[in-house]
Amino acid sequence: METKKIIEAQNICKSFYEPTEIKVLNEVNLTINNGEFVSIIGKSGCGKSTLLYILSTMDTSYTGNLSIDGVSMKDKKDAELALVRNEKIGFVFQFHYLLNEFNNINNVMLPGLKLNKKNKAEVEHDASEKMKILGIQNEALKMPNQLSSGQKQRVAIARALINSPLIIMGDEPTGNLDKKNSDIVFATFKELAEVYNQSLLIVTHDNDFAKNTHRIIEMEDGRIKV
Amino acid sequence: MNIRLITSISISLLKARLKQTMVAAFGVTFSITMFIGLLSFMAGLNELLDNLILSRTPHIRLYNEVLPSKIQPINMGTEFSNSYNFIQNIKPKADILSIKNSQAIINYLRKDVDVIGVAPKLVVPIFYNLGNISLTGVINGIDVDAENKLFAFRDYTTTGTTEKLKNTPNSIILGIGVAKKMLVQLNDNIQITSITGNQYPLKVVGFFQSGMEELDKVQSFTSLATTQKLLNKPNSYITDIQLKLYDINKAPNIAKNYKKLFATEAIDIQTANAQFETGSSVRTLISYAVGITLLIVAGFGIYNILNMMIYEKMDSIAILKATGFSGKDVKTVFILIALTIGILGGLLGLLFGFGLSAIISTIPFSTASLPKVKTYPVSNNPMFYVTGAIFSLITTYMAGYFPSKKASKIDPVDIIRGK
């Protein structure tokens, strides 16, 4: 299978200016290929989350160049970046961020409806497929607050998958979970990567988690440790 | 933008905060209700007061003033056209008050497309004889049908009928003030004296109450023919021609034209009653100011609830933005919430406003000077409802705009990383 560069970051630099100037990222170069399961590890404050948010297009205050799917993200407007996130990137955060006003399947459907490439019935079908993959099909009509935290996180993963994104990004997705639920979430990621050839980029401080991924990127003081 | 999706998000957020939403909507309802009630009531009062004078005032009145002729015979002679002429002790002519060639003028005016109707009138000062006392007064000789049609003469005739005045020769409708002074009953005969000294018996067929006491103490009405008989004048003798126009705003210009055309004085309603216009517009202004103040207060209510909602829903906004909703989408979500509150509250307000003005219009209100008015006057002008609806939309939009803008500017990274 040919390898395709999904994310290509060149010379990414970022500084915080409050309260004093601190260089968080220093000339970071990074490439992620299609189908890779990559983890970023490092001590807290090393800039790994900052890097993730830059790669996710949510953080736009940086220098250097970022290409997603071969398209440069520099000089794109807010609405255009939103579209890129909608179509090409799926997110899983430490916290599930489900909307309490919607039931689980509607939460999963939300980004799909936003993309508006399929009609509602098709999106609903996709959503229940993804939920089946993650073993939460029985929770579809419940509200998020009726689920356990592990289940919530899996709903969030299903939501990340709904538009069949190029890559799933995770910021400590197991950080809030106990051992058992972490293992389930990790197994889910592993299955996605191996069975469905899904690319994943996960920031974590859990070395056990990282060990089982295809590639580990270790960061230290704003640089990638070689 | 997928408006259906955005709408469903707005509705879900609304439902999650139903109680506060309803309080905010009720604020709009209350203010629109008061706005409509206040304006309807104020406009009703305005109309009442205006009608007191304006409905009985001709839009244009043609008359002659007691003035010496401006062109004296000597000015017409060509042999003196280059000279200065000095004439002393000029006096006006006795018959100068009557409008010359009145029948022709009336016929001409009846054909004018701007004119609703023409009512000729003959106004003469007289004395009411009460034993050896004489009360000064004024008799208006009127065309009863025209007065009824144009000036609602019938409405102010509280006792008796105007038809009797038309059909009974030598009959009079007395001002209520005069009647009280003279202790006259219906169908009594009274004596009057004209300024030329003729005594004349007249039969009382009704009483007239204008709402202005001073007026009711002097003026009475007879048919045109009776007044002419009283003065020993022919039936073309009249002193006023009163006009009503389709468009009251044309009155000043038309008056100017007629003044030239008929060589009489002509006064329009605007000039004659300038102070009424001012009073009405000030009252309207005050009611609008109060109404809009209420709406702005309601707007702050909506502003508050939205701000609170946005503060509470920070996480939801962040995840919406992270998963591909643009700032504009988020803004639309909250503006829709504001507009929903505004529209629901506003519609209810219009309904309640209608109810409120209906209630006001049943409250008894009687005053001696306004015989026809039994309850508080209310004007149900559809414009108030349109204005109320538009204002409620504008204020709720404004109240929603600023919080929505804030929501659209929320940086998802700040929220998500802040956890």
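## A loop residue to start with

A:D75 sits in the loop of chain A that runs between β5 (71-72) and α2 (78-88); helices here are DSSP runs of H or I with at least four residues, strands are runs of E with at least two, and both are numbered from the N terminus. Although A:D75 is not a glycine, its phi is positive, at about 65°. A:D75 counts as exposed because it has 6 other C-beta atoms within 10 Å (exposed means 12 or fewer such atoms, buried means 20 or more, and partly exposed is in between, with C-beta atoms placed from the backbone).

A:N197 also deserves a look: this residue is not a glycine, yet its phi is positive at about 55°. You will find A:N197 in the loop between α6 and β8 (199-203) of chain A. With 12 C-beta neighbours inside 10 Å, A:N197 counts as exposed.

## About the model

This is a predicted model, in which local features need pLDDT of at least 70 and side-chain atom pairs count only at pLDDT 80 or more, while totals for chains, interfaces and linings use all residues. Residues are numbered from 1 along each chain as its sequence is written, and chains are lettered from A and ligands numbered from 1 in the order in which they are written.

## Chain A overall

Chain A holds 7 helices and 10 strands. Its radius of gyration is 17 Å, which agrees with the value near 17 Å for a compact globule of 226 residues (the radius is taken over C-alpha atoms, and the globule rule is 2.2 Å times the number of residues to the power 0.38). Along the principal axes, the C-alpha atoms of chain A fill a box of roughly 50 × 45 × 40 Å.

Of the 226 residues of chain A, 48% count as buried. Taking the contacts in chain A with a separation of 6 or more, 70% are between residues 24 or more positions apart; a contact means that two C-beta atoms, placed from the backbone, lie within 7 Å.

## A helix pair in chain A

Two packed helices are described by the angle between their axes and the distance between the axes. In chain A, the axes of helix α5 (residues 149-161) and helix α6 (residues 179-195) come within 9 Å and cross at roughly 20° (axes are lines fitted to C-alpha atoms, for helices over the stretch in contact, with angles from 0 to 180 degrees between N-to-C directions). α5(A) and α6(A) are therefore roughly parallel to each other; angles under 35 degrees count as roughly parallel, over 145 as roughly antiparallel, 65 to 115 as roughly perpendicular and the rest as oblique.

On the α5(A) side, A:S149, A:G150, A:Q153, A:R154 and A:I157 meet A:N181, A:I184, A:V185 and A:T188 of α6(A). By class, this contact of α5(A) with α6(A) has 3 nonpolar, 5 polar and 1 charged residues (nonpolar covers Ala, Val, Leu, Ile, Met, Phe, Trp, Tyr, Cys and Pro; charged covers Asp, Glu, Lys and Arg; the others, Gly among them, are polar).

## Chain B overall

Chain B has 17 helices and 10 strands. Its radius of gyration is 33 Å, well over the 22 Å that the globule rule gives for 419 residues, so chain B is more spread out than a compact globule. The C-alpha trace of chain B spans about 105 × 65 × 35 Å along its principal axes, and 38% of the 419 residues of chain B count as buried.

## A helix pair in chain B

The axes of α2(B) and helix α16 (residues 382-408) of chain B come within 10 Å and cross at roughly 150°. α2(B) and α16(B) are therefore roughly antiparallel to each other. α2(B) contributes B:V28, B:I32, B:F35, B:I36, B:L39 and B:S40 to the contact, and α16(B) contributes B:F384, B:Y385, B:G388, B:S392 and B:T396. The residues of this contact divide into 7 nonpolar, 4 polar and no charged.

## Where the chains meet

In the interface, 23 residues of chain B are in contact with 23 residues of chain A. On the side of chain B that touches chain A, α1 (3-16), α14 (314-322), α15 (327-360) and α17 (412-418) of chain B each supply at least two residues. α14(B) gives the most to that side, with 6 residues. By class, the residues on this side of chain B are 10 nonpolar, 7 polar and 6 charged.
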